[in-house]
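Visitor: Hello! I am new to this structure and would like a close look at a single part of it. Could you show it to me, please?

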Amino acid sequence: MARIDFHPLWTVEVQHAFFGGACDAIEFLVPPSTQRALAGAHAIARQREGHLHILYEANENALPLSPLAGRSFLFGLQPREPSFELITVPQGLPSGDTALWRNSPDADALTGPAAVRMSGEQLRIEPRSLQRPLTVRLFDASDTQCAQVVLNIGDEAWTPLGLFTRGTWRIEEDDGNTPPQSWRLQVEPELIGAWGLLELTVDAGHIADGHAFTLSFAARSDTLRYYVVANRFGEAEFNQVQVLDNGFAAESRPAIQFNRVLPAAFGAGHLAPGLLDPSGSARIALFEAQASVARRVRGPSGLELHRNGDLLIGNLPQPGADRPDAQFVVHLSQS
């Protein structure tokens, strides 16, 4: 009986600074077209503990049953939690585009994200340029021109006739005055709506020993703002209230310094004093960090509210994965 051996080709690990390293924040989607391509290459995809593993079937000499070098496989990326956007630095892509990571031009490392438009088999091409007239050309994966149209004033999009094969297409826009601009269109109906894409191409060097890729995300940074709303405090007493960072030494990080901002100096990004104290009888001060602070699953500890050397509140709240901003309201009252 023939023995079936599977050897590792790739492992993809997700790392996020919010979690301090490796995590399972991203789910890998394997569309039917990729499943068929993997099967044709005698390979399989498996997910385990946040990692994507691609393995290939090998013969008794540990050689692939099917040629692998040069083959490409496309996967979808989907955050497991809606809060992913709140903890992650925005990718900076044009509206309507999808983020693409791939191991090109360096076969051994992921680059990106690049901007890609997703489409089903019926194309509707909305040019990036607003110039009219505009010549729009459609090229297939071999970079052969397949169709062309001229959009005039009032034409927002182009819908070429027929169904188009899955895979990569190139759109070229030419306004006749500047060099033509190109962008990538990915026809993959099952991945429409995916948050991102991962495209991996097999390099000959990956086959013998396998290769590990890392998909890294930076954590979003916020300006910490603590609005202190104090009732029945005298002016002198209230002026003694301050926010101090007493945890920086234990955590081996720079101290977070705060500016004291009075309501008269609040700007457009601040909470309105009338919202903080509808009665208008409280004293209000904002303690605003002088520099933004990166979000972490466990934020900096030791941020404390003091008055005249006395600790009023220890470990002030931090923005976690469920908050759109880092603005907090702290109420104080004296009897």
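Which side chain makes a polar contact with the side chain of glutamate 304? Please take me through the surroundings of that residue as well.

Guide: Happy to! Please keep in mind that this is a predicted model. The partner you ask about is asparagine 246, whose side chain makes a polar contact with the side chain of glutamate 304 at 2.8 Å.

The protein has 5 helices and 23 strands. Its C-alpha trace spans about 80 × 65 × 30 Å along the principal axes. The radius of gyration is 27 Å, whereas a compact globule of 335 residues would have one near 20 Å. Of the 335 residues, 41% are buried. Among contacts with a separation of 6 or more, 70% are between residues 24 or more positions apart.

Now to your residue. Glutamate 304 lies in strand S21, which covers residues 303-307. This glutamate is buried but has no salt bridge. The nearest side chain of opposite charge belongs to arginine 253, and the distance to it is 9.4 Å. A salt bridge needs a nitrogen of Lys or Arg within 4 Å of a carboxyl oxygen, so arginine 253 at 9.4 Å does not qualify as a partner for glutamate 304.

Arginine 253 does have a partner, though: its side chain meets that of glutamate 251 in a salt bridge, 2.6 Å from N to O. In this pair arginine 253 is buried, with a relative accessible area of 18%, while glutamate 251 is partly exposed at 33%. Elsewhere, salt bridges that share partners join Arg137, Asp143, Arg170, Glu172 and Asp174 into one network.

That network includes the pair of arginine 170 and glutamate 172, whose side chains meet at 3.5 Å, N to O. Here arginine 170 is partly exposed, with a relative accessible area of 22%, and glutamate 172 is buried, with 14%. Another salt bridge links arginine 220 and aspartate 222 at 3.3 Å, N to O. Aspartate 222 counts as buried at 5% relative accessibility, and arginine 220 is partly exposed at 22%. A search of the whole structure finds 17 salt bridges.

S21 is joined to strand S17 by 5 bridges, and the two run antiparallel. S17 takes in residues 241-245 and has two faces: Val241, Val243 and Asp245 form the covered one, and Gln242 and Leu244 the uncovered one. Several of these residues turn up again around your glutamate. Leaving aside neighbours within four places in sequence, glutamate 304 is in contact with Gln242, Val243, Leu244 and Asn246, as well as Leu311, Ile313, Gly314, Asn315 and Leu316.

Let us finish with one of those contacts, isoleucine 313. This isoleucine has its place in strand S22, residues 310-313, and counts as partly exposed at 26% relative accessibility. Not counting residues up to four places away in sequence, isoleucine 313 touches Glu304, Leu305, Val330 and Leu332. Alanine 230, 83 residues away from isoleucine 313 in sequence, is 13 Å from it in space, C-alpha to C-alpha.

Key: Residues are numbered from 1 along each chain as its sequence is written. Side-chain values use heavy atoms; hydrogens and water are left out. Helices (H or I, at least four residues) and strands (E, at least two) are DSSP runs, numbered from the N terminus. Buried means under 20% relative accessible area, exposed over 50%, partly exposed in between (1.4 Å probe, protein chains only). Lys and Arg count as positive and Asp and Glu as negative; His and the chain ends are not counted. A polar contact is a pair of N or O atoms within 3.5 Å; within protein, one must be able to donate a hydrogen and the other to accept it, and residues adjacent in sequence count only if both atoms are side-chain atoms. Contact means heavy atoms within 4.5 Å. Two strands pair if DSSP finds at least two bridges between them. The radius of gyration is taken over C-alpha atoms; the globule rule is 2.2 Å times the number of residues to the power 0.38.
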